[in-house]
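Q: Could you walk me through one part of this model up close? I'd like to see how a single piece sits among its neighbours, in plain words.

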Amino acid sequence: GRAPRPVGRRRLGLARPAARPPVCRLPACAARAIHSAQFSARNSLSRRTPSRAGPRLARFRELFGRAGLPAGFIHGDGFLDNILCADDGALAALVDWEDSCVAPYVLDVAVAVSAAAFTASNELLPARCAALLRGYTARRPLSADELSALPDFMWAGALACGFYRWREFNLNRPESADDAKSAYAIMQQRCEKMEAAPPDAKAW
């Protein structure tokens with residue numbers, strides 16, 4: 001994502017969210033994207049994916065099928081370019097509610113951490129993770145189960161984002177610029193890094 005965009009509070013014109021937010025459909029979105037990757041040979045992601053798509057999708061479905069995690073209405077896409085800041089640097093608003101849904105609250109935290117706490121070379125920044133968790137838990141504490149599930153949801157967020165970018169800019173919009181077509185790669189690599197060495201959220 002890009003850096004937060006400064007904006008004066010008086011210039012904000014925000015629509016109200018839908019009265020009946022949808023139940024989270026991330027697993028279905030990932031299933032369609034992985035299915036597309038298995039049967040396309042258009043780029044390197046499709047060639048690397050088939051042998052791992054099945055286990056990834058099974059893990060994805062298991063994660064979102066877990067019972068007992070607190071759930072409610074979430075934003076679902078907490079990337080930095082969806083944040084508006086006031087002139088004094090304070091958070092003014094979250095924009096782009098296209099992915100808003102009813103889902104486990106910890107998913108919102110996980111997407112934000114996965115989106116904002118990695119460098120461009122995909123190195124995780126524990127200090128930034130800790131700062132995000134401090135800010136969130138100052139308003140709403142995370143349970144032990146939520147904290148344990150946080151790395152899994154970080155992985156799921158990176159997986160879904162990577163497949164969305166690949167499908168959107170390589171299949172749905174093949175006329176896209178090369179940098180858009182390759183935008184999936186950083187999330188693909190992020191996902192693979194978390195598979196190889198899962199983050200320890202309890203250490204933050």
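A: Let's zoom in on helix H4. Tyr105, Val106, Leu107, Val109, Ala110, Val113 and Ser114 of H4 are in contact with Glu146, Leu150, Phe153, Met154 and Ala158 of H6, where contact means heavy atoms within 4.5 Å. Sorted by class, the residues of this contact come out as ten nonpolar, one polar and one charged. Here Ala, Val, Leu, Ile, Met, Phe, Trp, Tyr, Cys and Pro count as nonpolar, Asp, Glu, Lys and Arg as charged, and the others, Gly among them, as polar.

Before going on, a word on what you're looking at. This is a predicted model, where local features need pLDDT of at least 70 and side-chain atom pairs count only at pLDDT 80 or more, while totals for chains, interfaces and linings use all residues. Residues are numbered from 1 along each chain as its sequence is written, and side-chain values use heavy atoms, leaving out hydrogens and water.

Now the geometry. H4 covers residues 105-116 and H6 covers residues 144-172; their axes come within 8 Å and cross at roughly 55°. Axes are lines fitted to C-alpha atoms, for helices over the stretch in contact, and angles run from 0 to 180 degrees between N-to-C directions. H4 and H6 are therefore oblique to each other: angles under 35 degrees count as roughly parallel, over 145 as roughly antiparallel, 65 to 115 as roughly perpendicular, and the rest as oblique. The crossing of H4 and H6 is right-handed, so the near helix is turned clockwise from the far one by less than a right angle.

H4 has another partner, helix H5 (residues 126-137), and these two pack at an angle of about 150° with their axes 10 Å apart. That makes H4 roughly antiparallel to H5. This crossing is right-handed. From H4, Tyr105, Val109, Ala112, Val113 and Ala116 meet Arg128, Cys129, Leu132, Leu133 and Tyr136 of H5. The classes in this contact are nine nonpolar, no polar and one charged.

What about H4 by itself? Its twelve residues should span 16 Å at 1.5 Å a residue, and the end C-alpha atoms are 17 Å apart, which agrees; the expected span is 1.5 Å times one less than the number of residues. H4 is also mostly covered, with ten of its twelve residues buried, meaning under 20% relative accessible area, while exposed is over 50% and partly exposed in between (1.4 Å probe, protein chains only). Among the buried residues are Val109, Val113 and Ser114.

Leu133 lies in H5 and counts as buried because its relative accessibility is 9%. Leaving aside residues up to four places away in sequence, Leu133 touches Val109, Leu142, Leu147, Leu150, Ala201 and Trp204.

Finally, step back. The protein has eight helices and five strands, which are DSSP runs numbered from the N terminus: helices are H or I with at least four residues, strands are E with at least two. Buried residues make up 44% of its 204 residues.
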